[in-house]
Amino acid sequence: MCEAGRIRHHLRHNLPRRECGVLFTGFQAAGTLGRRIVDGARVVRLFNESVPVRASVHTLGGLSAHAGQDALMGWLAGAARKPKMTYLVHGEPEASHALSARIARELKWPTTVAAPVTPYDA
């Protein structure tokens, strides 16, 4: 998603370079820096600077390491005890709310979906 970490530094130094290419190997959620780049942004904000996108941008689908709902439910069901609260902090809003409802319905756990936070230099 390119929202934090070293990737932001790599992008800052390489997006402006025509001789560079950026390869996205996983899903980029709506509203993220990664999605803006994949969708063809000509300029992005990084570290409070406007950075032109001159590098070629490529995507390689099908490599997401995220588990689906069934796999997540199986993992959660193996918990030794019911948590006081289950916080869903990652994912598309519609999918997060659906998973929250499923956890509450099937596991009888309290859940909440975190509100998205806009990065400081979106």
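Predicted model: local features only at pLDDT ≥ 70, side-chain atom pairs only at ≥ 80, totals over all residues.

Q: OK. Where is K82?
A: K82 sits in the loop that runs between α3 (69–77) and β5 (86–88).

Q: Is K82 buried or exposed?
A: K82 has a relative accessibility of 53%, so K82 counts as exposed. The cut-off for exposed is over 50%.

Q: Which residues does K82 touch, leaving aside its neighbours within four places in sequence?
A: With those set aside, K82 is in contact with K108, W109 and P110.

Q: What does the side chain of K82 reach there?
A: It reaches the backbone oxygen of K108, at 2.9 Å.

Q: And how far is K82 from E49?
A: In space, K82 and E49 are 45 Å apart, C-alpha to C-alpha. In sequence they are 33 residues apart.

Q: Let's do helices. How do α3 and α4 pack?
A: Helix α4 covers residues 93–107, and α3 packs with α4 at an angle of about 40 degrees. Their axes are 11 Å apart.

Q: Is the crossing of α3 and α4 left-handed or right-handed?
A: The crossing of α3 and α4 is right-handed.

Q: Which residues meet there, in α3 and in α4?
A: On the α3 side they are Q69, D70, L72, M73, L76 and A77. In α4 they meet A95, A98, L99, R102, I103, E106 and L107.

Q: How do the residues of that contact divide into nonpolar, polar and charged?
A: In the contact of α3 with α4, nine are nonpolar, one is polar and three are charged.

Q: What about S96, where does that one lie?
A: S96 lies in helix α4.

Q: Buried or exposed, S96?
A: S96 counts as buried, because its relative accessibility is 6% and buried means under 20%.

Q: What is S96 in contact with, apart from neighbours within four places in sequence?
A: Apart from those, S96 is in contact with L88, H90, G91 and V113.

Q: New topic, backbone angles. What is the phi of C2?
A: C2 has a positive phi of about 65 degrees, although C2 is not a glycine. C2 is found in the segment before α1 (6–14), and with a relative accessible area of 10% C2 is buried.

Q: And what is the phi of N48?
A: N48 also has a positive phi, of about 60 degrees, and is not a glycine either.

Q: Where is N48 found?
A: N48 is in the loop between β2 (43–46) and β3 (49–52). Its relative accessible area is 47%, so N48 is partly exposed.

Q: Now F27. Where does F27 lie?
A: F27 lies in the loop between β1 (21–24) and α2 (33–38). F27 is partly exposed, with a relative accessible area of 45%.

Q: What does F27 touch, not counting residues up to four places away in sequence?
A: F27 touches M1, R35 and E92. As for H58, F27 and H58 are 12 Å apart in space, C-alpha to C-alpha, and 31 residues apart in sequence.

Q: Then Q28. Where is that, and is Q28 buried or exposed?
A: Q28 lies in the loop between β1 and α2. At 9% relative accessibility, Q28 counts as buried.

Q: Which residues does Q28 touch, not counting those up to four places away?
A: Q28 touches M1, C2, G34, R35 and V38. A polar atom of the Q28 side chain lies 3.2 Å from the backbone nitrogen of M1.

Q: Last one, where is R18?
A: R18 lies in the loop between α1 and β1. R18 is exposed, with a relative accessible area of 64%.

Q: How far apart are R18 and E94?
A: R18 and E94 are 76 residues apart in sequence and 37 Å apart in space, C-alpha to C-alpha.

Technical notes: Residues numbered from 1 in each chain as written. Heavy atoms only, no water. Helix = DSSP H or I, 4+ residues; strand = E, 2+ residues; numbered from the N terminus. Buried < 20%, exposed > 50% of the residue type's maximum accessible area, 1.4 Å probe, protein only. Contact = heavy atoms within 4.5 Å. Polar contact = N/O pair within 3.5 Å; in protein donor to acceptor, adjacent residues only side chain to side chain. Axes fitted to C-alpha atoms, helices over the stretch in contact; angles between N-to-C directions. Left-handed = near helix turned anticlockwise from the far one by under 90°. Nonpolar A, V, L, I, M, F, W, Y, C, P; charged D, E, K, R; others polar.
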